[in-house]
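Try each task before you read its solution.

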Amino acid sequence: MPVQQPISHASEAGRPRWRWRPWRGPLPFLLPWLIGFIALTIIPLFLSLYWSFTNYDMLQPPQWVGASNYVQLVHDPLFRTSVINTSFMVVIGVPAGIVLGLGCALLLRRPIRGSALYRGAIFVPAVVPSVAVAVIWIWIFNPDYGLLNAALGVVHIKPQGWLASPSLAKPSLLMLLVWEAVGQIMVLMLAGLKEIPGELYEAASLDGAKPLQHFRYITFPLLGPVLFYSLIVWMIFYLQFFTEAFVATAQDLGEPVNSTLFYSIYIYQNAFQFLKMGYASAMAWILFAVTMIITVTLFRLQRRFIFYRGEQRA
Amino acid sequence: MNLFQTMAGTTKRRRRLTDGARHVVLICISLVVLLPLAWMVASSLKSNSAIFVYPPQLVPSHPKFDNYRKAFDYIPFWLYFRNSVIVSAATICGILFSCVPAAYAFSILRWRGRDLVFFLVLAGIMLPFQVLMVPLYVMYRDLHFLGTLLPLIVPPFFGQYISSAFSASLAIFLLRQFFRSLPGELIDAARIDGAGDWSILLRVVIPVARGGLITVTLFSFLSSWTDFLAPLIFLNKGSLFTLSLGLQQYQSLHFTAFNYLMAAAFVFALPVLLAFIFAQRFFVEGIALTGLRG
């Protein structure tokens with residue numbers, strides 16, 4: 001069936017002619033976003049880059065100081081502490097969340113009576129506001145009257161200081177973060193698992209593959225893109241970890257003994273407590289750079305190790 | 001034939017056995033996950049004397065529902081609640097206003113440089129809010145936005161950050177995924193009927209992809225209702241606080257009224273919990289597409 005072609009003025013004129021008609025095409029659809037993108041993202045982005053080379057304090061106009069903020073950062077022991085603390089959350093928290101989330105997803109994979117209920121229950125922490133999560137866990141971690149020490153008391157373990165203890169404060173926050181993350185990771189994994197065709201397992205079973213081999217040779221490789229995706233998303237998320245730590249240590253940010261001084265907390269302190277806007281901007285740009293480097297590196301690695309379905313291996 | 005029947009029989013029996021084991025494991029996991037929330041509700045009903053008792057009771061012997069009224073009086077709770085409602089409602093409207101047409105331009109419309117510009121949107125997801133917060137603070141100060149709710153209300157209308165965690169870029173990305181999955185014949189048919197792009201968007205795309213719109217609405221609500229960092233920085237007057245900020249006022253250096261704090265935390269979480277219970281499907285769909293609830 002011949003479809004009527006839209007008549008274009010250019011072809012009528014005999015040769016293609018380009019005309020500036022901004023009200024046609026994508027521009028009207030993009031306009032609000034475009035204005036915002038320029039005014040609230042691009043301009044602040046470059047202001048921040050500029051300020052990272054100045055001594056800006058919001059009261060005086062910024063003065064160019066070259067790379068001195070960055071040099072100072074290298075020698076700042078608190079900067080180093082905040083990097084180590086944040087790395088701890090990323091390096092332990094992300095894999096822990098992914099392993100537990102994947103475990104829950106595998107348990108719920110085959111339909112089972114009440115699976116929607118289980119899925120909902122495990123997911124619920126994800127929709128509790130972070131501030132509420134933080135205060136609930138502050139109360140659970142309460143050394144004198146908290147639930148956790150009481151539970152440990154039942155099995156005769158000495159009460160701990162948790163958030164008040166320099167050695168346990170970070171693991172305590174990690175526990176809270178994993179509690180929030182597992183359900184979300186599980187839902188993503190379940191969606192990924194659904195994409196794996198069942199025939200693969202049937203074929204493997206006929207060849208005598210055991211369940212563990214199913215996981216090793218079918219589930220794990222075919223889930224690769226999803227695992228990889230959650231790795232990136234959650235690394236970015238944990239690198240910016242702020243709210244729960246801020247609320248949990250609101251009286252004394254970063255305490256005890258700077259064990260919960262995370263990178264974002266230290267940026268916040270520099271910017272809004274010490275008014276070292278230049279210094280804070282330098283820190284923020286390092287965070288941005290690290291985020292990009294991690295993402296790009298993972299994307300590179302991904303091409304090597306992850307196999308997308310329907311793709312031919314070179 | 002016989003062999004096949006016995007094979008089917010054994011797998012069925014083994015499956016029933018493992019199903020039992022799965023139930024046990026899943027019930028244990030669910031209980032561990034739900035325990036903190038149960039503890040919140042239980043604590044919110046304890047009297048001032050019952051809350052500071054060791055060992056703590058999981059179920060309060062004399063539940064005090066009166067705590068909720070007292071918790072609302074302890075801080076200007078309803079003022080903060082109102083602020084949260086204003087910010088969330090404005091965010092939802094703003095995001096739908098700016099991101100739905102943008103997603104249309106990135107999915108249905110064809111134009112040169114589309115993928116390049118969309119790459120900028122995606123890069124926006126990677127951009128940490130920490131980079132923008134200092135310059136935005138200064139810009140809002142110069143615009144005299146500080147001292148109002150505008151720093152949280154205006155950006156969504158221009159397709160920028162919703163909260164420090166869930167960016168508007170993610171909303172555009174999500175809507176684009178939904179729009180792209182629409183059958184192309186539907187749009188072609190409308191175009192042959194002589195419909196322009198705006199009427200295709202309003203009359204065809206939005207009604208058919210309303211699942212995507214609901215998901216984005218829920219995510220925008222969730223993230224603006226729960227955000228902490230952006231309100232912390234931009235709302236510098238007590239009368240502007242959202243609930244995220246207000247909740248801190250139950251805690252002081254020397255004493256925290258944990259029963260009132262838990263009551264307030266529960267009421268604070270309740271709207272999102274209800275939204276989740278009634279619209280679980282959309283949350284799950286959104287997470288499956290973005291990997292993050294924001």
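**Exercise 1. Place Leu231(A) in the fold and list its partners from elsewhere in the sequence.**

Step 1: find the element. Leu231(A) sits in helix α11 (residues 224–239) of chain A. Helices here are DSSP runs of H or I with at least four residues, strands are E runs of at least two, and both are numbered from the N terminus.

Step 2: check the surroundings. Leu231(A) has 18 other C-beta atoms within 10 Å, so it is partly exposed. The scale goes like this: buried if 20 or more other C-beta atoms lie within 10 Å of a residue's own, exposed if 12 or fewer, partly exposed in between, with C-beta atoms placed from the backbone.

Step 3: look for partners. Skipping neighbours within four places in sequence, Leu231(A) is in contact with Val94(A), Ile98(A) and Leu298(A). Contact means that the two C-beta atoms, placed from the backbone, lie within 7 Å. Take Val94(A): 137 residues separate it from Leu231(A) along the chain, yet their C-alpha atoms are 6.9 Å apart.

Before going on, some housekeeping. Residues are numbered from 1 along each chain as its sequence is written, while chains are lettered from A and ligands numbered from 1 in the order in which they are written. This is a predicted model, where local features need pLDDT of at least 70, side-chain atom pairs count only at pLDDT 80 or more, and totals for chains, interfaces and linings use all residues.

**Exercise 2. Describe the make-up of chain A: how many helices and strands are there?**

Step 1: count elements. Chain A has 14 helices and zero strands.

Step 2: look at burial and contacts. Of the 314 residues in chain A, 39% are buried. Among chain A contacts with a separation of 6 or more, 67% join residues 24 or more positions apart.

Step 3: Tyr70(A) lies in helix α3 (residues 68–74) of chain A. With 15 other C-beta atoms within 10 Å, Tyr70(A) is partly exposed. From Tyr70(A) to Phe53(A) is 17 residues in sequence and 8.2 Å in space, C-alpha to C-alpha.

**Exercise 3. Check whether the length of helix α8 (residues 169–194) of chain A agrees with its residue count, then find its kink.**

Step 1: work out the expected span. The rule is 1.5 Å times one less than the number of residues. For the 26 residues of α8(A), that should give 38 Å.

Step 2: compare. The end C-alpha atoms of α8(A) are 38 Å apart, so the two agree.

Step 3: find the kink. α8(A) bends by about 35°, centred on Ala181(A). The bend at a residue is the angle between axes fitted to the seven residues ending there and the seven starting there.

**Exercise 4. Is His156(A) buried or exposed, and what about His144(B)?**

Step 1: start in chain A. His156(A) is in the loop between α7 (147–154) and α8 of chain A. It counts as exposed, because 6 C-beta neighbours lie inside 10 Å. Its phi is near 60°, a positive value in a residue other than glycine.

Step 2: move to chain B. His144(B) is in the loop between α6 (129–142) and α7 (150–157) of chain B. His144(B) has 9 C-beta neighbours inside 10 Å, so it counts as exposed. Phi of His144(B) is also a positive value near 60°, again in a residue other than glycine.

**Exercise 5. Which helix of chain B gives the most residues to the side that touches chain A?**

Step 1: size up the contact. 70 residues of chain B are in contact with 72 residues of chain A.

Step 2: name the helix. Helix α1 (residues 2–44) of chain B gives the most, with 13 residues.

Step 3: sort by class. That side of chain B has 54 nonpolar, 13 polar and three charged residues. Ala, Val, Leu, Ile, Met, Phe, Trp, Tyr, Cys and Pro count as nonpolar, Asp, Glu, Lys and Arg as charged, and the others, Gly among them, as polar.

Step 4: check confidence. The predictor gives the complex an ipTM of 0.86 and a pTM of 0.86.
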